[in-house]
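Me: I have a chain to look at and would like to go through it step by step. Could you take me through it?

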Amino acid sequence: MFCCRRRAHSHAEILTAGRLVAPADSVDPVESNECQAKVTNAEHLFVFSHGILGYGSDFANLAATVQELAAGSEPRVTTHLLRSNEHHTLDGVDSGGLRVAHEILDALDDRDGRVTRLSLVGHSLGGLYMRYAAAVLLKVAESRGVDHLLKDLVFDTFATFATPHLGALCQSRKLGGGKFMATVGPFLPGLSGMTAEQTLMV
């Protein structure tokens, strides 16, 4: 029996400005006992993404509850609170989604192949980040050269709540419509920047 061991590579080589770049010669066969150890220590990783102007710690209680409820389950449930978008939630869903994809790949690397199932949970804008990142990860899984990182990974659950998948309706017409937004928006966190342009239905 053989499994694949990663050679070190930068995710910047994989995800460059939203494009997939696959490094060549990135897998090695290793002995079956190492593979068996990974199966024994298998993890189901839950990744949590906060919303606009939020912090990874916003999900601390929920993450702890998930681990408590899943105690003793196989594979073992572990959690990761995303932090790459802290203080960076106004520059667009695509930018934030790519940061999330990078961080998830790093989290998988850190666990050295033990993760066999992956679940993504997002709140509000974090749900849009997760949706974008999921699409990127699926492309990475299909790409030549890096498929060893995700090819045997099961995408288990995708859950979002209070997420504006169809855009966020802004009732600005009662307050002067576009002129109001143009005047006041720059002074209101969350109503300015690329994220607002992409999500608000003004």
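Me: How many helices and strands does the chain come to?
Reply: The secondary structure of the chain comes to 8 helices and 10 strands. Helices (H or I, at least four residues) and strands (E, at least two) are DSSP runs, numbered from the N terminus. Please note that this is a predicted model, in which local features need pLDDT of at least 70 and side-chain atom pairs count only at pLDDT 80 or more, while totals for chains, interfaces and linings use all residues. Residues are numbered from 1 along each chain as its sequence is written, and side-chain values use heavy atoms, with hydrogens and water left out.

Me: And what percentage of the residues in the chain is buried?
Reply: Of the 202 residues in the chain, 43% are buried. Buried means under 20% relative accessible area, exposed means over 50%, and partly exposed lies in between (1.4 Å probe, protein chains only).

Me: What share of the contacts is between residues 24 or more positions apart?
Reply: Among contacts in the chain with a separation of 6 or more, 77% are between residues 24 or more positions apart. Contact means heavy atoms within 4.5 Å.

Me: Let us turn to strand 5. Are its residues buried or exposed?
Reply: Strand 5 is mostly covered, with 7 of its 7 residues buried. Both faces are covered: Glu 43, Leu 45, Val 47 and Ser 49 lie on one side, and His 44, Phe 46 and Phe 48 lie on the other.

Me: Which residues are the partners?
Reply: In strand 6, Thr 78 is the bridge partner of Leu 45, and Thr 79 is the bridge partner of Phe 46. In strand 7, Val 115 stands opposite Glu 43.

Me: What unit do strand 5, helix 3 and strand 6 make?
Reply: Strand 5, helix 3 (residues 60-69) and strand 6 make a right-handed β-α-β unit. A crossover is right-handed if, with the strands pointing away from the viewer, the path from the first strand over the helix to the second runs clockwise. Strand 6 (residues 76-81) is mostly covered, as 5 of its 6 residues are buried.

Me: Where does Ser 73 lie?
Reply: Ser 73 lies in the loop between helix 3 and strand 6. Ser 73 is partly exposed, with a relative accessible area of 26%. The C-alpha atoms of Ser 73 and Glu 43 are separated by 9.7 Å, and these residues are 30 apart along the chain.

Me: A change of topic: which residues touch the most other members of the largest nonpolar core?
Reply: They are Val 47, Ile 104, Leu 118 and Leu 150, in a core of 26 residues. A nonpolar core is a set of buried Ala, Val, Leu, Ile, Met, Phe, Trp, Tyr and Cys residues joined through side-chain atoms within 4.5 Å. Strand 5 (43-49), helix 4 (93-110), strand 7 (115-123) and helix 5 (125-142) each supply at least two residues of this core. The largest share, 10 residues, comes from helix 5.

Me: What is Val 47 in contact with, leaving aside its neighbours within four places in sequence?
Reply: Val 47 is in contact with His 80, Leu 82, Ile 104, Leu 118, Ser 119, Leu 120, Val 121 and Met 130. There is also a second, separate core of 9 residues, which includes Phe 48, Val 77, Leu 81 and Val 121.

Me: How many aromatic pairs are found in the whole structure?
Reply: A search of the whole structure finds 2 aromatic pairs. Phe 48 and Phe 59 form a tilted pair, 5.2 Å centre to centre with 35° between the planes. Rings of Phe, Tyr and Trp (its six-membered ring) pair if their centres lie within 6.5 Å; planes under 30 degrees apart count as stacked, over 60 as edge-to-face and the rest as tilted.

Me: Is Phe 59 buried or exposed?
Reply: Phe 59 is buried, with a relative accessible area of 6%. The rings of Phe 59 and Phe 161 have their centres 6.1 Å apart and their planes at 80°, so this pair is edge-to-face.

Notes:
Pairing = 2+ DSSP bridges.
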